[in-house]
Amino acid sequence: MESTPPKLEMFYEGKAKKLYATADPDLVICYFKDDATAFNAKKRGTIEDKGVVNNRMSELFFGLLTRTGLKTHFVRRLNDREMLCKRLQIIPVETVVRNIVAGSMAKRLGLEEGRELSFPVVEYYYKSDPLDDPLIYPEHAILFGWATAAELETIRSLALKVNEVLRRFLDERGIILVDFKLEFGRHHGEILLGDEICPDTCRFWDKASRKKLDKDRFRRDLGDVEEAYQEMLRRVED
């Protein structure tokens, strides 16, 4: 059994996770919280056992991606709420891949939610809570030094590969991958996928009923939030 470096001080707390340093400067421990936020933390609440679900689901998805040759920050899950990860220098550009019109795309472009796109659309957002994570052009990221042109090319390629792998996996389980957010970071000069992949960061719809099985149930006060998270976990564990 592999030894785990001891957990030291917390050096970051976000809306959904806490990060702790370890005795190994290359590794961090990520703790998943039950806190729920929406609209850039303007709406707050708690989803019971959300942290447990998101930790386990992220482990499953990161494992799946690793087996297809994609490199991530995930090392291993430690317990119900914690995973060991490689320490990344996070690139402050969130990458969103969209397969179906939903959320901000529907609102921004005046389109009906649920329209299938003929090819996946990759969008970039500047990671800034005070600015509500504005949509940006890739040129903005290059111009202001948030990422290089080569890094953005790598990120786009990886994001589309993640989409391809997850869409196929979820389709086999009766789930539509509507859209999702990814974060990437640098680790010893290499771009790795970081953060988490779960109902907080993805839109999942049941293929037959189009029932939402993600954080939109919290955002839109649809009810049965905990049940949706648990159902998603059951579907991907099958």
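Two strands are said to pair if DSSP finds at least two bridges between them. With that in hand, here are some close-up views of this predicted model.

**View 1. Three strands form an open sheet.** The strand order is β8-β13-β14, and the pairing is antiparallel. Strands β8 (89-90) and β14 (190-193) stand at the edges; each has a single partner strand, so one side of each has no neighbour in the sheet.

**View 2. Strand β13 meets strand β14.** Here you can follow residues 184-187, which make up β13, as they run antiparallel to β14, joined to that strand by 4 bridges. For a handy landmark, look for R186, which stands opposite I191 in β14.

**View 3. Helix α4 lies across β13 and β14.** This helix covers residues 149-171. Relative to β14, helix α4 runs at about 30°.

**View 4. C198 and C202 have their sulfurs 6.4 Å apart.** If you are wondering about disulfides, a search of the whole structure finds 0. A disulfide calls for a pair of cysteine sulfur atoms within 2.5 Å. The cysteine sulfur closest to that of C198 is in C202, and at 6.4 Å it is too far for a bond.

**View 5. C198 and C202 are both buried.** Residues count as buried under 20% relative accessible area. C198 has a relative accessible area of 0%, so this cysteine is buried. C202 is at 4% relative accessibility and therefore counts as buried.

Note on methods: Residues are numbered from 1 along each chain as its sequence is written. This is a predicted model: local features need pLDDT of at least 70, side-chain atom pairs count only at pLDDT 80 or more; totals for chains, interfaces and linings use all residues. Side-chain values use heavy atoms; hydrogens and water are left out. Helices (H or I, at least four residues) and strands (E, at least two) are DSSP runs, numbered from the N terminus. Contact means heavy atoms within 4.5 Å. Axes are lines fitted to C-alpha atoms, for helices over the stretch in contact, and angles run from 0 to 180 degrees between N-to-C directions. Buried means under 20% relative accessible area, exposed over 50%, partly exposed in between (1.4 Å probe, protein chains only).
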